[in-house]
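Please open the model in a viewer and keep the selection panel at hand. The stops below are to be visited in order.

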Amino acid sequence: MSSKPAFLEKQYIGRDYIRICIRLLMAAFCFGAYVYERDRDNTQDLFLVVGFGIIGISIILLFMIQYKITILNKSIIIDGLWTAKRVKIDLNSIVSVRKDTYSSYLFNNPVYNLHHKGTIRFYSSGKDAVVLTDRDGLEYYIGTQRPNEMYLVIQAEMGK
């Protein structure tokens, strides 16, 4: 039994480029409204506070882990946020592995252990996923930033 994982990846909540752009546009709107409303009323300070609040929350989200993928001893362990239940996928029950795009949509919400139409989904950011199919036909979509490396490690672990 090896204690060093064959693959380790951390997915962060705040590192999705589209969501970063949305938060920056909201902060820019607040700062623009602050400058425009400078001589009108005493409420312009609220725009400044909200703009800095959005920037502060964005910085915190950049370092907040949504889930961690670990491949160790013929199993995939997906460990989520504080109260999320740990998911362990035994590679002995997996019959096929493939690389695929997570979704054809431009905007995808981050999900952890989402059961939907015969699939279980794990996604934080990016567009790539590794799809595992078990003996019962259940598919696991695991979003990853390094799909080629994860695919090769899973293939190697299944071959052992």
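**The sheet**

Begin by selecting glutamate 9, which stands opposite isoleucine 69 in β2. The model is predicted, so local features require pLDDT of at least 70 and side-chain atom pairs pLDDT 80 or more, while totals for chains, interfaces and linings use all residues. Residues are numbered from 1 along each chain as its sequence is written, and side-chain values use heavy atoms, without hydrogens and water.

Strands are DSSP runs of E with at least two residues, and helices are runs of H or I with at least four, numbered from the N terminus; two strands pair if DSSP finds at least two bridges between them.

Next, display the open sheet of four strands, ordered β1-β2-β3-β4 with antiparallel pairing. β1 (7–12) and β4 (87–90) are at the edges with a single partner strand each, so one side of each has no neighbour in the sheet.

**The helix across the sheet**

Select helix α3 (residues 147–159), which lies across β1, β2 and β3 (75–80) and runs at about 40° to β2. Angles run from 0 to 180 degrees between N-to-C directions of axes fitted to C-alpha atoms, for helices over the stretch in contact (heavy atoms within 4.5 Å).

**Helix α2**

Which residues of α2 are buried? Select Gln44, Gly51, Ile54, Ser58 and Leu61; buried means under 20% relative accessible area, exposed over 50%, and partly exposed in between (1.4 Å probe, protein chains only). Their cover includes α1 (17–36). On the other side of α2, select the exposed Leu46, Val49, Phe52, Ile57 and Ile60.
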